[in-house]
Amino acid sequence: MKTYLSKLEWNARVCTSFFPFWAIPFTFYMFYLSLYLKEAGISDLQIGNIMVASNVAALLSSFIASPLVDRLGRRWATLLFDLASSVLPALLFLLWPVYEVALIAMVLTGLNRIMSVGYYLLMIEDASEENSVVSMNLFNIILVAAGLLTPLAGLFVMHWGVVRTEQAFLLIAAISMASQAIIRHFLLKETPTGKMVQHRIIGEGRFWRFSRFFAVYKQVYSTVKRDRVMLRAVIINALIYVYFSLGTTSSLLFAPFFIDFMKISTSQISLIGGIYSLGTVLSMVLVNPHLKRRNLYAYSVWSSLLSLFGFALLFFCPKGGLFFPLLAVVCISLSYGVLKTLADAVLAVETHGEHRAGVYAASYLLSSLVGIVFIKFTSMLYAHNPGWLLLICAILLLGVLLLSLQKQGGNGGIF
């Protein structure tokens with residue numbers, strides 16, 4: 001970890017140093033959030049609606065993310081929307097765990113797209129390509145490593161129950177997230193490109209004209225239309241992020257799936273979460289340091305195939321046992337460890353120019369649009385048979401596989 005940090009430039013070092021104080025409490029409360037809401041009387045279909053509401057908000061916030069981040073500056077946009085999308089939702093879930101308030105809380109989490117654009121640009125903008133890949137991988141290592149502690153959460157659940165444990169996690173999360181966001185803000189430096197764009201917009205004095213929002217995406221469309229490699233990177237990034245919201249430990253359907261479809265107990269799923277995080281961290285630590293521009297798509301191909309094998313194993317393995325589900329989760333998590341960093345890295349290395357913020361926002365916009373459709377249909381199908389979740393996740397990664405193979409074909413092969 002120390003070697004990784006030494007490769008990072010100032011903003012990336014600050015962001016990754018403070019990130020554990022966001023990632024650990026978020027992982028703890030998110031893993032049991034759906035079960036906490038179900039204990040409060042919220043149905044599976046309503047949980048699906050909550051997920052859709054989050055993606056609708058993410059869609060709208062993605063649309064305005066680029067102009068807002070350019071106008072406010074990377075630092076201020078990151079601070080304001082980190083507080084709004086992280087701290088406020090945790091407090092709402094804690095104080096009022098009812099369906100209507102949960103909808104509002106998840107709508108607020110959708111504002112995370114604005115924060116993410118500012119956050120990622122602070123880490124990679126005006127920085128070296130090595131800094132971009134290393135910072136994206138370290139960011140994801142920290143996020144997933146936090147999940148290694150989920151078996152500990154399971155012990156708390158066994159003694160205190162889901163509701164009391166989740167309430168404690170939510171309170172700690174709100175305090176920790178607010179603290180790290182504020183302290184981090186005073187240590188970060190606005191990027192040179194960010195200053196240039198902000199000054200130009202202020203000088204034009206027409207930021208709030210609605211036409212400006214469309215002008216940003218018109219410029220992005222012109223950029224990606226001329227650059228098919230960038231377009232492919234945007235689509236791959238979007239598909240992996242839709243998969244992230246549906247098929248990983250960050251999904252509100254993850255824990256219920258192993259209870260409803262795999263017939264695993266509430267305390268045992270914390271072990272599933274721990275193994276998932278362990279496998280993901282291992283691939284990020286052992287495999288991802290080898291990721292380079294020239295081999296990103298080759299790793300994408302093999303990682304997608306490994307996940308598809310894991311999905312098949314989950315679908316056909318006996319219900320009620322732990323061995324085969326754990327084996328499948330190992331395969332899926334090892335794959336996801338590569339895909340998560342790859343989704344960020346491919347966008348970081350294939351995008352360029354002053355419209356970079358717009359390209360990032362467009363990628364989030366696309367993932368939100370696709371996510372709304374997939375999540376809504378998945379939640380409806382899940383109510384009839386939880387196994388549909390596996391099929392939907394397989395379709396998403398099949399798309400990543402085909403796009404990566406297309407790129408490899410253009411380069412003369414997978415190797």
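Predicted model: local features only at pLDDT ≥ 70, side-chain atom pairs only at ≥ 80, totals over all residues.

Guide: The protein has 19 helices and zero strands, and 59% of its 415 residues count as buried.

Visitor: What makes R74 count as buried?

Guide: Buried means under 20% relative accessible area. R74 has 0% relative accessibility, so R74 counts as buried.

Visitor: How do you know that R74 and D70 meet in a salt bridge?

Guide: The rule asks for a side-chain nitrogen of Lys or Arg within 4 Å of a carboxyl oxygen of Asp or Glu. For R74 and D70 the N to O distance is 2.8 Å, so the pair meets the rule. D70 has 7% relative accessibility, so D70 counts as buried too.

Visitor: Which other residue forms a salt bridge with R74?

Guide: R74 also forms one with E125, and the closest N and O atoms are 2.8 Å apart. R74 lies in helix 6 and E125 in the loop between helix 8 and helix 9, so the pair ties together parts that are 51 residues apart in sequence. E125, at 7% relative accessibility, counts as buried.

Visitor: Why is the pair of D82 and R184 called a salt bridge?

Guide: The N to O distance of this pair is 2.9 Å and the limit is 4 Å, so the name applies. D82 lies in helix 6 and R184 in helix 10, so this pair ties together parts that are 102 residues apart in sequence. Both residues are buried. By this rule the count comes to three salt bridges, and those that share partners join D70, R74 and E125 into one network.

Visitor: Why is L45 called partly exposed?

Guide: The label covers values between under 20%, which is buried, and over 50%, which is exposed. L45 has a relative accessible area of 40%, so L45 is partly exposed. L45 lies in helix 5. Leaving aside neighbours within four places in sequence, L45 is in contact with S379 and M380.

Visitor: Why is helix 13 described as mostly covered?

Guide: Of its 20 residues, 16 are buried.

Definitions and conventions. Residues numbered from 1 in each chain as written. Heavy atoms only, no water. Helix = DSSP H or I, 4+ residues; strand = E, 2+ residues; numbered from the N terminus. Buried < 20%, exposed > 50% of the residue type's maximum accessible area, 1.4 Å probe, protein only. Contact = heavy atoms within 4.5 Å.
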